[in-house]
Amino acid sequence: MKTVEQIKAAIEAAVPGAGVTIVTNPSPSAQHSLLLNPSQAIAVANFLREDEELALDFLSNVTGVDYLDKEVAEKVKVTKQVAKTVDGVEQTIEETVEETRKHLEPGHLEAVYHLFSMRKKHGPVVLRMRTVNRTDKVELPSFTPIWRSAEFQEREIFDLYGIVFAGHPDLRRLLMWPEFKDHPMRKDYVEPDDFEYEPTAHDSVMARAKSHEAAGEQASLSSAEAAR
Amino acid sequence: MKVAETSPGFAFEKAPEAEGWNRPPVIEPDGEGELLEVSMGPHHPSTHGVFRMDVALDGERVIRLKPVFGYLHRNHEQIAETTSYLSMMPYTDRLDYFCSLSNNWAYALAVEKLVGQAVPERAEYIRVILAELTRVQNHASAIGFLIQEMGASGTPLMYAFKEREKILDLFESLTGSRMMCNYMRFGGCRVDTSAAWLEATRKVVAGLPHFIDEYEALLSENEILMARCQGVGVLKPELAVNAGITGPMLRASGVNYDIRRVDHYGIYDRFKFRVPLGEHGDIYDRYMVRVLEMRESIKILEQALKEIPSGPVMDAKAKIRGFRPKPGEAYGRIEAPKGELGFYLISDGGNGPYRFRVRPPSLINLTVLEDMCLGHNVADVVLIFGSVDIVLGEVDR
């Protein structure tokens with residue numbers, strides 16, 4: 001079995017401009033993965049399946065992962081010009097100060113594929129693909145035309161994470177019902193007050209629904225409490 | 001991109017087109033029979049729980065079939081993200097509730113890979129013994145259900161359940177529960193077996209070959225079983241590999257792939273056993289492969305019960321309190337009775353997994369249900385479905 005570096009080299013030799021990067025896995029399992037460029041992913045997948053030495057004919061596991069927007073705090077050294085009084089004379093001195101700067105790392109959705117070879121009896125080779133963001137650019141190419149085992153699993157990711165797999169022949173929700181709106185496995189998922197989408201006479205449900213209303217959230221909460 | 005929606009009346013629509021996709025063949029109605037759309041399930045007794053198939057029929061012949069999932073969906077994977085690693089162990093019992101000990105092992109294996117945990121010798125032997133006992137009782141009852149669906153009301157199933165009962169009694173006396181065993185831990189097993197338990201297990205295992213002989217004498221050459229099963233629901237090996245089919249179903253199609261042999265997880269490289277393979281990939285081969293696998297399991301059981309060493313069942317260095325794996329990920333898989341059961345874990349350093357994924361063999365083995373059923377009579381759908389051997393707790397999670 002080739003190492004990840006060798007597989008990366010083989011892919012780059014076969015598919016020009018594949019844009020593969022290695023994602024290292026620091027855990028003792030040492031299952032490092034290859035991050036694919038979605039625009040070249042189909043060509044890479046075809047190569048991995050057809051290549052005589054790799055012969056990855058068995059796509060075992062397909063998973064989605066959600067990464068939220070992350071605020072990263074960094075300590076940066078900044079040189080500033082500061083006016084100071086030295087020996088009774090006002091001077092402008094350059095001073096190096098440590099400052100904490102925050103920037104927002106945009107979140108993304110990720111699809112993870114575990115490939116094995118039934119012919120050569122080796123594996124796993126782990127592939128990943130990332131969407132641009134979590135809201136509107138969530139399209140990734142589907143591997144179902146190459147490995148049919150992705151058919152239900154990609155439907156499940158579409159259902160629970162909301163990644164849209166372009167080229168999937170039958171992309172529907174798998175586990176939730178068709179009218180369901182949200183994606184329950186996302187990290188910021190809030191379960192609806194009432195799954196039936198109909199107001200009920202049940203008081204606690206009504207009060208809770210009111211407390212979630214966007215306008216005047218705090219005010220309505222206190223009024224609901226006052227009413228109780 | 002347009003997203004397809006389910007609509008009633010799919011039987012009368014055109015099949016979805018996708019270039020180069022390894023999809024089921026399109027069967028056009030021949031105009032002789034009435035065109036019907038039948039919703040089988042979710043409360044049909046032959047669906048092993050709550051599973052629905054939308055079947056399009058041309059008279060008696062199946063021309064399209066769509067499985068509908070989700071009736072037992074409880075978002076198992078999200079529950080994992082809100083609990084700790086250890087408290088997820090009892091939940092895995094509820095996945096495939098026929099084989100809770102295999103599920104325990106798969107999960108423990110994945111976590112042990114994640115943290116690099118060693119397992120003591122005796123615990124490995126106990127795991128093998130329990131997993132193989134699970135395999136025997138799962139295959140026996142899977143065959144029992146299959147024959148039940150063929151119309152042999154009760155008798156073969158009760159033969160299988162009689163034997164299953166003895167094995168479940170062993171589980172109960174060791175783990176405290178018949179089906180929800182919650183027995184394995186990261187780095188070993190929860191409690192040690194007593195000498196009396198091992199003796200009782202030897203006794204049960206000694207009785208198993210007689211049970212299988214009896215079972216086979218009753219069924220294997222039965223004319224009705226052969227007529228209903230041979231040549232029905234054929235699965236080609238190329239499609240089986242491409243669709244990710246695993247377990248007895250894959251081997252019945254003649255593909256030699258047993259994870260016990262490929263990965264040598266645990267201590268499976270120490271045992272002598274054969275991997276039974278089918279030739280035709282029909283229902284009869286799936287039945288036969290299961291029978292032969294039970295016989296091979298008995299061989300493994302006999303060797304393991306003979307060689308089991310004494311010693312601790314928990315690794316002394318195993319961390320139980322404050323169990324927080326370092327950031328990273330791991331995919332661990334075992335050969336569960338139904339196929340490849342895998343757990344994929346991502347840790348962010350917290351005390352619960354950041355991402356917990358079950359690779360369910362039952363769900364993925366259903367990918368080819370439509371391919372196998374097309375062109376057969378509607379009565380055969382029940383039989384083909386039974387030969388896949390699924391448990392809905394694992395399909396819907």
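## Basis of the model

The model is predicted: local features need pLDDT of at least 70, side-chain atom pairs count only at pLDDT 80 or more, and totals for chains, interfaces and linings use all residues. Residues are numbered from 1 along each chain as its sequence is written, while chains are lettered from A and ligands numbered from 1 in the order in which they are written.

## Chain A

Chain A contains five helices and nine strands. Helices (H or I, at least four residues) and strands (E, at least two) are DSSP runs, numbered from the N terminus. Read from the N terminus on, the elements of chain A follow the order α-β-β-α-β-β-β-β-β-β-α-β-α-α.

Chain A has 228 residues, of which 32% count as buried. A residue is buried if 20 or more other C-beta atoms lie within 10 Å of its own, exposed if 12 or fewer, and partly exposed in between, with C-beta atoms placed from the backbone. Of the contacts in chain A between residues at least 6 apart in sequence, 53% join residues at least 24 apart. Two residues are in contact if their C-beta atoms, placed from the backbone, lie within 7 Å.

## Where chain A meets chain B

Contacts between the chains involve 38 residues of chain A and 47 residues of chain B. On the side of chain A that touches chain B, the elements giving two or more residues are strand S3 (58-67), helix H3 (150-160) and strand S9 (164-166) of chain A. S3(A) provides the largest share of that side, six residues.

By residue class, the side of chain A that touches chain B comprises 21 nonpolar, 10 polar and seven charged residues. Here Ala, Val, Leu, Ile, Met, Phe, Trp, Tyr, Cys and Pro count as nonpolar, Asp, Glu, Lys and Arg as charged, and the others, Gly among them, as polar.

## The two domains of chain B

Chain B is divided into domain 1 (10-68) and domain 2 (76-396); the domain bounds come from an automatic or database domain assignment. The centres of domain 1 and domain 2 of chain B, taken over C-alpha atoms, are separated by 30 Å.

In chain B, 18 residues of domain 1 are in contact with 22 residues of domain 2. Strand S2 (52-58) and strand S3 (61-68) of chain B are the elements that give two or more residues to the domain 1 side of this contact. S3(B) gives the most, with five residues. The residues on the domain 1 side divide into 12 nonpolar, four polar and two charged.

## The sheet S1-S2-S3 of chain B

Three strands of chain B form an open sheet in the order S1-S2-S3, with antiparallel pairing. Strand S1 (35-40) and S3 of chain B stand at the edges, each with a single partner strand, so one side of each has no neighbour in the sheet. Neighbouring strands of this sheet are turned by 15 degrees against each other on average, direction ignored.

S1(B) and S2(B) run antiparallel and are joined by six bridges; two strands pair if DSSP finds at least two bridges between them. Within this pair, B:Glu37 stands opposite B:Ala56 in S2(B). Helix H14 (residues 378-388) of chain B lies across S2 and S3 of chain B, running at about 150 degrees to S2(B). Axes are lines fitted to C-alpha atoms, for helices over the stretch in contact, and angles run from 0 to 180 degrees between N-to-C directions.

Another open sheet of three strands in chain B has the order S6-S7-S8, with antiparallel pairing. S6 and S8 of chain B are the edge strands, and each pairs on one side only. Neighbouring strands of this sheet are turned by 10 degrees against each other on average, direction ignored. Nine bridges join strand S6 (residues 328-336) of chain B to S7(B), and a hairpin connects S6(B) to S7(B) through two residues. B:Arg333 stands opposite B:Gly342 in S7(B), and B:Gly328 stands opposite B:Ser347 in S7(B). Five bridges join S7(B) to strand S8 (residues 355-359) of chain B, where B:Phe343 stands opposite B:Val358 in S8(B). Nine of the nine residues of strand S7 (residues 339-347) of chain B are buried, so S7(B) is largely enclosed by the rest of the structure.

H3(B) lies across S6 and S7 of chain B, at about 150 degrees to S6(B). All of its residues, 16 of the 16, are buried, so H3(B) is largely enclosed by the rest of the structure. At 1.5 Å a residue, the 16 residues of helix H3 (residues 100-115) of chain B should span 22 Å, which agrees with the 23 Å between its end C-alpha atoms; the expected span is 1.5 Å times one less than the number of residues. B:Gly116 follows H3(B) and has a positive phi, near 65 degrees.
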